[in-house]
Amino acid sequence: MDVVIVPDDATIGALAADQYQKLLEAKPNAVIGLATGSSPLSTYAELIKRYQAGQISFAQATAFMLDEYVGIDPDHPERYRNVIHNEIASKVDLRPEAVHGPDGNAEDLEAACADYEAKIAAAGGVDLQILGIGSDGHIAFNEPGGSLASRTHLGVLTAQTRQDNARFFDGDLDKVPTHCLTQGLATIMSAKKLVLVAQGAGKAEAIRQLVEGGVSAKWPATIMQHHPDALVIVDEAAGSKLELADYYREVAKASGLV
Ligand code: F6R
């Protein structure tokens with residue numbers, strides 16, 4: 001796992017965008033993974049800027065979302081499909097039909113999960129997946145205590161995650177959905193490259209566990225320690241609990257990552 005500690009969110013966005021740019025230059029029809037939440041916004045802002053400057057194109061790419069709320073109104077602005085459309089897909093040249101997400105409004109949710117796995121496999125798997133991390137260590141909506149070997153499944157959101165996300169629902173916990181469809185940890189681990197971005201002190205403990213803790217279902221993101229090509233990009237606050245921070249800084253410098 002490579003760990004890069006940078007001074008601010010704009011630098012996080014630039015470094016993560018570099019990964020997409022490198023991939024799309026080498027493989028214009030790459031399969032990219034998109035996450036929602038606030039963590040990837042600086043990356044998306046940078047990708048949009050580079051697209052507008054003619055430096056990057058998604059015209060041949062295919063995109064897969066990580067997760068979706070169950071039973072949310074199709075027009076709700078917080079439905080993840082709508083969030084992804086508004087925050088990135090509609091602002092670059094991604095073809096609308098090339099953006100896929102799990103169907104949280106399907107009648108048969110189990111079949112929707114199986115369909116989603118089949119779609120990802122048929123596309124050849126995800127080349128580059130961007131990830132945020134929850135303060136409880138979840139990635140996508142794989143909450144603590146779930147299987148480290150899970151594939152796309154119906155999940156129950158923890159009280160902590162619903163509370164964290166209430167800010168997107170007028171601060172009203174009752175409006176936050178209780179269930180989701182989410183790529184499983186094994187699905188995420190099947191992506192060829194993972195880039196996790198985190199900002200702020202609220203993520204510091206989750207980042208410490210992710211990078212330096214033991215691999216455990218209690219901190220689901222720790223499974224990334226087993227990924228052969230995982231990059232973690234954090235700001236100073238999110239990296240503030242890392243014991244080996246000085247070492248990561250040296251390695252990142254020596255390897256030209258910063
Ligand atoms: C969203 C997702 C979640 C978020 C996590 C962090 O698709 O998969 O795992 O990445 O909840 O959320 P933010 O980025 O809002 O702090």
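This note covers the ligand site and the pocket around it in a predicted model.

1. Location. The ligand sits in the largest pocket. That pocket holds about 430 Å³ of space.

2. Ligand shell. The ligand is surrounded by 15 residues. Thr 36, Ser 39, His 138, Ala 140 and Lys 203 are the closest of them. Sorted by class, the shell comprises 7 polar, 5 nonpolar and 3 charged residues.

3. From the backbone, an N or O atom of Ser 38 lies 2.8 Å from a ligand oxygen. From the side chains, a polar atom of His 138 lies 2.7 Å from an oxygen of the ligand. For Arg 167, a polar side-chain atom lies 3.0 Å from a ligand oxygen.

4. Burial. Taken alone, the ligand exposes 410 Å². The protein buries 94% of that area.

5. Pocket lining. The lining of the largest pocket counts 26 residues. Nearest the pocket centre are Thr 36, Gly 37, Ser 38, His 138 and Asn 165. Thr 36 and His 138 are also among the closest residues to the ligand.

6. Helices at the pocket. Which helices each supply at least two residues of the lining? They are α3 (80–87) and α5 (159–165). Asn 165, one of the residues nearest the pocket centre, falls within the range of α5 (159–165).

Notes: Residues are numbered from 1 along each chain as its sequence is written. This is a predicted model: local features need pLDDT of at least 70, side-chain atom pairs count only at pLDDT 80 or more; totals for chains, interfaces and linings use all residues. Side-chain values use heavy atoms; hydrogens and water are left out. A residue is near a molecule or strand if one of its heavy atoms lies within 4 Å of it. A polar contact is a pair of N or O atoms within 3.5 Å; within protein, one must be able to donate a hydrogen and the other to accept it, and residues adjacent in sequence count only if both atoms are side-chain atoms. Accessible areas come from the Shrake-Rupley method with a 1.4 Å probe; for residues, only the protein chains shown count as cover. On a 1 Å grid over the protein atoms alone, a cavity is a set of points where a 1.4 Å probe fits but cannot get out, and a pocket is an open set with protein on both sides within 12 Å along at least five of seven lines; lining residues have an atom within 4 Å of a point. A molecule sits in a cavity or pocket if more than half of its atoms lie within 2 Å of its grid points. Ala, Val, Leu, Ile, Met, Phe, Trp, Tyr, Cys and Pro count as nonpolar, Asp, Glu, Lys and Arg as charged, and the others, Gly among them, as polar. Grid points are joined across faces, edges and corners, and a volume is the space filled by probe spheres set on the points. Helices (H or I, at least four residues) and strands (E, at least two) are DSSP runs, numbered from the N terminus.
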